[in-house]
Amino acid sequence: MKLKKQVTVCGAAIFCVAVFSLYLMLDRVQHDPTRHQNGGNFPRSQISVLQNRIEQLEQLLEENHEIISHIKDSVLELTANAEGPPAMLPYYTVNGSWVVPPEPRPSFFSISPQDCQFALGGRGQKPELQMLTVSEELPFDNVDGGVWRQGFDISYDPHDWDAEDLQVFVVPHSHNDPGWIKTFDKYYTEQTQHILNSMVSKLQEDPRRRFLWAEVSFFAKWWDNINAQKRAAVRRLVGNGQLEIATGGWVMPDEANSHYFALIDQLIEGHQWLERNLDSDSSTDIFCHMMPFYSYDIPHTCGPDPKICCQFDFKRLPGGRINCPWKVPPRAITEANVAERAALLLDQYRKKSRLFRSNVLLVPLGDDFRYDKPQEWDAQFFNYQRLFDFFNSRPNLHVQAQFGTLSDYFDALYKRTGVEPGARPPGFPVLSGDFFSYADREDHYWTGYYTSRPFYKSLDRVLEAHLRGAEVLYSLAAAHSRHSGLAGRYPLSDFTLLTEARRTLGLFQHHDAITGTAKEAVVVDYGVRLLRSLVNLKQVIIHAAHYLVLGDKETYHFDPEAPFLQVDDTRLSHDALPERTVIQLDSLPRFVVLFNPLEQERFSMVSLLVNSPRVRVLSEEGQPLAVQISAHWSSATEVVPDVYQVSVPVRLPALGLGVLQLQLGLDGHRTLPSSVRVYLHGRQLSVSRHEAFPLRVIDSGSSDFALSNRYMQVWFSGLTGLLKSIRRVDEEQEQQVDMEFLVYGTRTSKDKSGAYLFLPDGEAKPYVPKEPPVLHVTEGPFFSEVVAYYEHVHQVVRLYNLPGVEGLSLDISSLVDIRDYVNKELALRIHTDIDSQGIFFTDLNGFQVQPRRYLKKLPLQANFYPMPVMAYIQDAHKRLTLHTAQALGVSSLKDGQLEVILDRRLMQDDNRGLGQGLKDNKRTCNRFRLLLERRTVGSEVQDSHSTSYPSLLSHLTSMYLNTPALALPVARTQLPGPGLRSFHPLASSLPCDFHLLNLRTLQAEEDTLPSVEMALILHRKGFDCGLEAKNLGFNCTTSQGKVALGSLFHGLDVVFLQPTSLTLLYPLASPSNSTDVYLEPMEIATFRLRLG
């Protein structure tokens, strides 16, 4: 009763504040003495007065919003902390459906009107070049350009440089793949270490020499193997500008499939290593240079004619192992030929410079694993220096040439354009968009690698979610253990495991790793590394959760031989799917610790495997909970003996830990069995039965059927078991959402699909199974699902009967196995009646969303795009979003369609250097969420803008999919735990447009030890308010970008806070006494943080 009174009082307070605020607004407007009573005919002078009044109204609305938000927070705190009556039990209705009574706590969706403005556009610089428009306007006619095959003849007047010399920077570099044809370690041993060793000696021979390096992963491995003298020489070379590190990430990451968490993380790992070991200046800039020709190798970088440029690659001098395919070899530069050779090269330089907006020219000089022998260093540097000396000693040529780095080039460019470095030079356009999807020649579009080896694309994201969870829990456990004076007992040495996992995830972002474009043995090497790091991260999470979940920290004892917690699942090998831990129940109660990696409080379904159907589940306080118990199926017709799934809805604190207790015994009112219908479609199969679960076998018949929850009714085909339509409970009309599987073949001509390229033999054909699928239809109080068992794919569509994020979308998983396919690709297509008008939307790295347009003038494969996180189609009334837990290729080839490639098996190389097809396919589970949203009346679809934004619900749906709660059983050997307490690290959830990207403990000066400081990385998301947000059933408040960090962490004080650059290389401001921070929409902000 006490709780009810508190909620009533607070509800009345909200109502009073709202009414009083509205009264004040009206009062101010009505009693304005300057307002004319002239029947609405405002003199011109009064318009500004009216505008002021409107602004005052807006301000008052904002103030009102803030007051109400604070009251709502108070109500939530009261309801969260009060022990209310037990939740009402689900019940079965006469019409055969389950009803879960609503929770006795309020839910709020309170968005400030100001926070809705960002997605409507109108802010920031308008781009002069928008790539979507460029694609629409380009003819893509592929005319023969002569020596520059994909370009055109370039002409110039020799006097073009009379007023201003051409300034040429030749940049020696070596592109080192951390795994591709060879493994990372084999490349290092056989090539990379020799490149770097020669670099130190050869650069010291002449101060005019320069070298550019990128991959810190290789550099760090080499650094660990060189002596102090060589390290000092490297620092000198960096200090005097001869050696430059470009970008400085752990790898050169793929741009299509990587998620922005991993991109930032590998950048931080590289930058932090450089700061600790080289301690040199750093700068960042967004002024870009574009290479105009076919490739980054030497034949395609000096100018438009590769036949000539190849003659200036002095590794190809006669007698070497490689030569020029154009049949004209290089010649060593001598006194006798330097004038003729210099004239030939200068002609290429001049032609190339005509393509740029200044007389400063960048000429890369390198290729994959170049400069691995001293002879090549000598050949390139001596011959080019003779050419440069010739150019520079003849003023009549109007050219100055030298070796350079990227800094040398851009500094000269800024100087020529007359602006300070970092400022925008006049006359250079702003570009918006991206360069997907691209072809390097003809119609050879690189759209296959968006899907290639999806098993490892999925494992990448599993590792990423575990790394983020482990970072956060480790940082919190270390801070709390220091705060309690128990740091000596906590295994801070786990920091070594975190560092290794950061580097493994970073390594896999390499553009031949996550892409699925490495040789099979290299893929195995990546897989073994990923699995090892995943196992280690589970240990870090278990150790941190153990400490944080103890009510009495004094009882904490770390014993690596007898861990307190078990892992949630295990993988037998790097290419195996996970097997969930089965909790063995006996006379003693078993406890399970649940970890929520989200920065929002979460109401989710947690499913556990147990060894008995007779199970009772209790909350932390000992209250019995209603659960759904199901059989655990190993195939379409066989159940796993003595294994059962118990599913329980739980509310978990933000970034926190919850506790459940499991006991043997039956609670007839609360242990609620699932019922199953199995459709055999005439196939003569025997189906396992279990007395605990109602099972009905339907031998034949194919009428459609529906599942429903509090938000929607979902119809399925009785024949295929696939989705047909969705009807919201508050609408009469169904929305067509028709799914089908399709198969793409590859061409019969010489150019066929491979790891990189998608070259289909025409439109996809329907997937035709040898036999009709067996269907499982499971219904229960908390979830219902349909499983369609096909030969090559098992599709599960699950509907949660829960309020909030879980219940508002469909959970879809596809277990794909195409190991018997020959040159085929399996796709999933969704047909709707959404009038998408040729436009669809895909995300870039999970960070932002780009509009795409289906272009009929381009071949089918050119209309596919990467989808790391989501894709959607929309019209004036609806938006349908496909959320994904792994990067895959996606398209919309017709209005109202979305289509995703699930896996591809290809028998041949596609002539891009790999030398293999894709034949090492695995059983792969692709996971999705399908979200159908309704546009609010009057909200316009912003298709004309260069970006688009998901709704807040869509953002949260993606987070739920990508960061599932982890269930960690307390080991049987441990005593039962009255001492376990749920852990609430945050005093309140963050505003729901904020994402805590990471809470990353920083490294101390000693290489393996953690420092007391951490990096707090926050991302404020942009979102579209034009999608309906009524009765969502979860709590969400925004705060105009403001967060009070000082009061965010429960039980810990912020003792140091400093805003820094993204990767912490330099401070953006002095440490502040104020702990209130502000972020613009779409901003990612990093803070150096110490908690005490």
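1. His681 is buried, with a relative accessible area of 13%, where buried means under 20% relative accessible area, exposed over 50% and partly exposed in between, using a 1.4 Å probe and protein chains only. His681 has a positive phi of about 50° although it is not a glycine, and its place is the loop between strand E22 (675-679) and strand E23 (695-698). Helices (H or I, at least four residues) and strands (E, at least two) are DSSP runs, numbered from the N terminus.

2. A word on the basis of these points: this is a predicted model, in which local features need pLDDT of at least 70 and side-chain atom pairs count only at pLDDT 80 or more, while totals for chains, interfaces and linings use all residues. Residues are numbered from 1 along each chain as its sequence is written, and side-chain values use heavy atoms, with hydrogens and water left out.

3. Most residues other than glycine have a negative phi, and most peptide bonds are trans. Met1082, which is not a glycine, has a positive phi of about 75°; Met1082 is found in the loop between strand E48 (1076-1078) and strand E49 (1084-1091), and it is buried, with a relative accessible area of 16%. The peptide bond from Phe436 to Ser437 is cis, with omega near -10°, and Ser437 sits in the loop between strand E10 (431-432) and H12.

4. Two packed helices are described by the angle between their axes and the distance between the axes. For helix H12 (residues 454-483) and helix H13 (residues 494-508), the axes come within 10 Å and cross at roughly 150°, the axes being lines fitted to C-alpha atoms, for helices over the stretch in contact, with angles that run from 0 to 180 degrees between N-to-C directions. That makes H12 roughly antiparallel to H13, since angles under 35 degrees count as roughly parallel, over 145 as roughly antiparallel, 65 to 115 as roughly perpendicular and the rest as oblique.

5. The residues that make this contact (heavy atoms within 4.5 Å) include Tyr456, Leu463 and Tyr474 of H12 and Phe495, Arg502 and Phe508 of H13. By class, the contact of H12 with H13 has 10 nonpolar, one polar and five charged residues, where Ala, Val, Leu, Ile, Met, Phe, Trp, Tyr, Cys and Pro count as nonpolar, Asp, Glu, Lys and Arg as charged, and the others, Gly among them, as polar.

6. Helix H5 (residues 216-223) and helix H7 (residues 260-277) have axes that come within 10 Å and cross at roughly 35°. Val216, Phe219, Ala220 and Trp223 of H5 meet Gly270, Trp273, Leu274 and Asn277 of H7, and these residues divide into six nonpolar, two polar and no charged. H5 is mostly covered, with seven of its eight residues buried, and the buried residues pack against helix H4 (184-204), strand E6 (211-213), helix H6 (228-239), strand E7 (243-245) and H7.

7. Of the 206 residues in the largest nonpolar core, Tyr349 and Phe391 touch the most other members; such a core is a set of buried Ala, Val, Leu, Ile, Met, Phe, Trp, Tyr and Cys residues joined through side-chain atoms within 4.5 Å. Helix H14 (residues 520-549) gives the most to this core, with 14 residues. A second, separate core of 33 residues includes Val646, Val648, Val678 and Tyr789.
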